There are 4 protein chains.
Amino acid sequence: MNTQKKHWKDKLHEIIYEADTKAGKLFDVILLYTIIASILLVMLESVESIDAKYHNVLDVLEWIITILFTIEYIARVVTVKKPFKYICSFYGVIDLLSTIPKYISLAFGGIQALVALRALRLLRVFRILKLVRYLGASNALLKALKASRVKISVFLFAVIIISIILGTIMYLVEGNQSGFTSIPTSVYWCIVTLTTVGYGDISPITPLGQFIASLVMVLGYGIIAVPTGIVTAEYAAQTKNEKQTPQSNISLNSKCCLNCLAENHKDNADFCYNCGKKLHR
Amino acid sequence: MNTQKKHWKDKLHEIIYEADTKAGKLFDVILLYTIIASILLVMLESVESIDAKYHNVLDVLEWIITILFTIEYIARVVTVKKPFKYICSFYGVIDLLSTIPKYISLAFGGIQALVALRALRLLRVFRILKLVRYLGASNALLKALKASRVKISVFLFAVIIISIILGTIMYLVEGNQSGFTSIPTSVYWCIVTLTTVGYGDISPITPLGQFIASLVMVLGYGIIAVPTGIVTAEYAAQTKNEKQTPQSNISLNSKCCLNCLAENHKDNADFCYNCGKKLHR
Amino acid sequence: MNTQKKHWKDKLHEIIYEADTKAGKLFDVILLYTIIASILLVMLESVESIDAKYHNVLDVLEWIITILFTIEYIARVVTVKKPFKYICSFYGVIDLLSTIPKYISLAFGGIQALVALRALRLLRVFRILKLVRYLGASNALLKALKASRVKISVFLFAVIIISIILGTIMYLVEGNQSGFTSIPTSVYWCIVTLTTVGYGDISPITPLGQFIASLVMVLGYGIIAVPTGIVTAEYAAQTKNEKQTPQSNISLNSKCCLNCLAENHKDNADFCYNCGKKLHR
Amino acid sequence: MNTQKKHWKDKLHEIIYEADTKAGKLFDVILLYTIIASILLVMLESVESIDAKYHNVLDVLEWIITILFTIEYIARVVTVKKPFKYICSFYGVIDLLSTIPKYISLAFGGIQALVALRALRLLRVFRILKLVRYLGASNALLKALKASRVKISVFLFAVIIISIILGTIMYLVEGNQSGFTSIPTSVYWCIVTLTTVGYGDISPITPLGQFIASLVMVLGYGIIAVPTGIVTAEYAAQTKNEKQTPQSNISLNSKCCLNCLAENHKDNADFCYNCGKKLHR
C-alpha cells in the first residue's frame, strides 16, 4: 500500500465512521435520509393499492437504494483495517442484510420473508443516532433507565405473574361464550386490561366477570405508578449528579479506531484505549 | 393628526391591546365570549339535525359575529401605528381569516373548507389567554416543558422507531385476515397499542400475534414512565428555583408598544425594550 | 328544658355528630354500613332480572332503610341547637333528600328520577369519612391536590382547546363514513383518544386520518406526563414540609360545636373558634 | 434418630429450604423450571386444539410433574422438625394443593375446578423468588409501596365512590339502548372509562352521555397523577434514606430455622430470633 492510497483510505474512513468533520456529518445525514427512504419504500410496497399502481417505480427506487447500500458496504469493508472483524460485527451483519434482499429476490423470486430482511434497515438508524448523544439530551435519561432496569424487570415480572393468576380465574369465571376460550387467551385479555389498552375484542359479560375485570383495571391503574415512580426518582438523582459533575460527559467525541472500531475516545487521546494502536489524527 | 384624535386612538389601543385597565379587561372578556360563541356556532352547524332545524337562526348569529369581528379588526388596524406590520403578524392573519369566511361564502357559496377557516378562530383564544400568565400558574410548568422539550422529542422519536419495527413484525405475523393489511396500518396499530389507547378496530387473532401484542403492551406500560419522569424532575427543579428567586416573574405587565407591538415590558419601563420608542403612559 | 333532658340531648349530639367516644364511633360505623346497604339496594333494583325476582324483598328493605334514615334525620334536627341552620346546610339537605324518595314514590308512584335522588345517599359517606382524616393519610395528598389545582385546571383547559382544534381537523379529514358525523362527535373522539381511553366506537379509516390519529395518541402519551409531574412535585414538597413541622395536623379531633356545627377544634379548646360558645366537654 | 441420619436430614433441609449453598441454589432453579413447566401444561391443556392433538403427551407430563411434586412435598415434611406446623403453614397448604389435583382427577374424573387448583402452583414461585431479595432491587420499591399503601387505598376508595355516582348518572342519561342496562353495568362502564381502559363494549351514544363521558375521561386523565405522585415521592424518600444507611439490608441471608421456619436471620446469628433454637451451621 503506498502512502497516497492510505491517505485516501484514511479520509474515507473518517467520513464513513466518524462525524466530527463536515464531510462525515454530510455522509451521515445522506445515509439517514437513504435509510428513511428505503423504509418508506418497504411500507408503501406493502400497501396493495399503491403497489398495484406504482410497482415499476417502487422497483426502480429499490434498485437505486440497493446499489447505494452496496457501494457503502464495500467502502466500509475497504477502509477498515480488519475487514473480517467488521463483517462479523453486529452492524456489519445488519449492513449486509440490508443490502442483499433485492439480489436474493433476483435469484429466488419475491418471497414474503424478504420484507422482514428489508425492515432490518431500520436498525441502521441507531448507528447514525450515536449523533444524538452529542445533543447531550438523552444521557441522563439513558443512565436513569439503566439504573432502574433491574427494578422495572422485577416489576414487569410481577405484572406477568399477576396476569397469569387473574387470567386463569377469568377463564374459569367467564368461559367460552364471551371469548375467554383458553387460559393463554385469558392471560392475553388480562394484560390488555392491566396495561389499560382495552381493545374490547374480548370483554367480560357475566356480572362476576365484570366485577373481577373492574378490580383488574383499578389494580392496573394503581400499579402504573410503580415504573413511573422508579424512573422519576432515578432520573431526578441522575440530573442532580450531573449538575455536580458537569464535566463528566463533555470530553466524548465521535472518533473511531481504525484498527478495532472502538468508539468514545477522549478528545486528547492519541492511542486507542482498547487496542493501543495510534488513533488517526 | 390633532391631539384629541390621537388621545382617542391611544385610549382605544389601550383597551384593545392591553389588559391593565378596567375597560381593557372588559374588552378581553367580551372578546373571549364572542370567540367561544363563534366556535359553538361552527360546532352546532356541523350537527345535521340541528342545522336542518335552526339553519336561519345560526345564519343570523354567524352574521352578527362576523360583523363584530369586522369592527374589531378595523379598530385593531386603525389604532396600531404600523398597521401593515400588524396585518402581516401571526395574530393579524388569524384575525383576518376569522373574519372573512362569511364574506367568502357570500361570493362563492358555502364550501366545506370554510369550516376549517372558521375553526381557526379558536387560535384567537390564545391571545386573550396571555391573561393566564398573570395567574402565575403555568409559568414553572411552561419552563419545565421547555427544559424537557428536547428529551421528550428524542423519546418520542424512539417510540416511533420501535413502532415501525414492531409494526412490520406484526404485519408479517398476522397478515391480512385480522386487519393488518399493510405495514403503515400495522404501524398505526402499534402506536394505538403502545400508547395504551387500544381502539380494537384492529387486534391480533393468532396466538403468536397476541403474544407479541402482549409484549408491546407491557413495553408501552413500562415506557410511559419516561416522559413522566422527565417532566416531573424538571418541574420539581423549576419550582425549587422559583422559590429561591421569587421576584423573577412578578414585574411583567400587559403593556404593549404602540409602535412595534412588543409585549412584556417592565412595570417601570418608559421606553420599548425592542424599538426604543416611548411607551404610552 | 330541664338539666336531664339537656344532658340526654348532649349525649346524643356527641354520638351523632362526633367520633371521639365509643358510642360515636359505633354510630358512624352503623350509619356507614346502612348507607352502603342502601346504595347496594338502588343498584340491585336497577338490574331487571333481580328486580323481577326479589321485588318485594327489595321494597321491604328500602322501607327499613327509609325509616332508619327518618329516625336519624329527626335525631339530628332535635339535638342541634340551631335546627334551621342544620336543615339548610349542605349535609342537612343531603340527609333530607336521602330520606324522602320512598315517601314521594308512595304519593306519586315510582318515577325514574327518584333513583338519582336515592343515589345522592352516597354523598353522605363523605361526612362519615371525615374519619379518614384521622388516619393522617390523605392530608398531604389533599394539600398537594389543592396546591396543584390551578395548574391542573390550566392544563385541562389546554387539553380541551387542543381537542376542539384536532377534532375539527379530523371531521374535515374523515367525514361521515367512519363515524365522524359532526364536530362535537369528532371532539368527543379526540378526547377519547387523547386520554388513551380508546373505545373504538369511532375510529379513523382513511390513511391521513390514521396518521393524524397517531399524532394525537403520541401527543396524549406525552402530555399525560404533565399532571403527574405537577402532583408529584407538589406532593413531594408537602411531605417534606410535613416532616419539618410534624405537629401541624396532630391536634385536630372530631369535636363539633353544638351551636354552629363548626369542626376541627383543637384538643384543648374550651370555646368554639367560630362562634365563641362553650364547647361540650 | 442416629447422628448420620440427622446429618443427612440437615443437609436435605439446607438444600430444600435455603439458597446459600450450590446445591440449594440448583434445587431452587430446578423447582422454578418445574413450576413454570407445570403452569405451561395447565395453559396448553386449556387450548382445545392442542388438547385434542396431544392429550396423551400432556397427561404423561402432568403425571411426571405430579410425582416430582409428591417427592418434594414428602422431602419437605420429613426434613422439617415440626412437620405439622409446616403442613398447616401457608406454603405447606399451597404445596399440598399443587400436588393433589391429578390424584383427585384419578378418583373423581377431570372436573373443571381442578384447573384452578393447578393454577395455584404459580403461588409457589413466590417462595423461590425470595431469591429476588438478594438482587437488592425491589427492597426500596417494596418499602415505598408499603409506605404509600394507606394513601393509595384511600385514593382507590375515592375512585370507586366517584365511579358509583357517575355510573348512576350515566344510567339515567343513557338508558337501555346503548348498553347501560343497569346501575352495576354503568358503574362497570365508568371504571372502564376512568381507568382509561376503554373496551368499547358499552359506549355512550346520546350527545349528553358523550359529554359526561368526556368529563369522566378528562377526570380519569387528571387523577391518574395521584397514585403516581404518591409512589414517586415515597420511593424518592426511600432511596435517599437507603443511601444514608447503606448497611441496612446487606446482612440478610437465606438461612431458615429448622424448628420454626423463620427466615431473614442475620449472617452472624447462631440462634433463631423467633424461637431461640440453635440455627443449623
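This is a predicted model: local features need pLDDT of at least 70, side-chain atom pairs count only at pLDDT 80 or more; totals for chains, interfaces and linings use all residues.
Mentor: Some ground rules: residues are numbered from 1 along each chain as its sequence is written, and chains are lettered from A in the order in which they are written. Local features need pLDDT of at least 70, side-chain atom pairs count only at pLDDT 80 or more, totals for chains, interfaces and linings use all residues, and side-chain values use heavy atoms, without hydrogens and water.

Trainee: Thanks! What makes α11(A) roughly perpendicular to α2(D)?

Mentor: Helix α2 of chain D covers residues 22–46, and its axis crosses that of α11(A) at about 105 degrees, with the axes 7 Å apart. Axes are lines fitted to C-alpha atoms, for helices over the stretch in contact, and angles run from 0 to 180 degrees between N-to-C directions. Angles of 65 to 115 degrees count as roughly perpendicular, so α11(A) is roughly perpendicular to α2(D).

Trainee: Which residues of α11(A) and α2(D) meet?

Mentor: A:I183, A:P184 and A:V187 meet D:V42, D:M43 and D:S46; contact means heavy atoms within 4.5 Å.

Trainee: How many residues in that contact of α11(A) with α2(D) are nonpolar, polar or charged?

Mentor: Five are nonpolar, one is polar and none is charged. Ala, Val, Leu, Ile, Met, Phe, Trp, Tyr, Cys and Pro count as nonpolar, Asp, Glu, Lys and Arg as charged, and the others, Gly among them, as polar.

Trainee: And where do α2(B) and α11(C) meet?

Mentor: B:V42, B:M43 and B:S46 meet C:I183, C:P184 and C:V187.

Trainee: Why are chains C and D said to be related as by a four-fold rotation axis?

Mentor: A rotation of 90 degrees with 0.0 Å of shift along its axis superposes chain C on chain D, at an RMSD of 0.1 Å. The two copies are therefore related as by a four-fold axis. Still, the copies use different surfaces, as 17% of the contact residues of chain C recur in chain D.

Trainee: How many helices and strands does chain A have?

Mentor: Chain A has 13 helices and zero strands; helices (H or I, at least four residues) and strands (E, at least two) are DSSP runs, numbered from the N terminus.

Definitions and conventions. Copies are superposed by least squares on the C-alpha atoms of residues with pLDDT of at least 70 in both. Angles under 35 degrees count as roughly parallel, over 145 as roughly antiparallel, 65 to 115 as roughly perpendicular and the rest as oblique.
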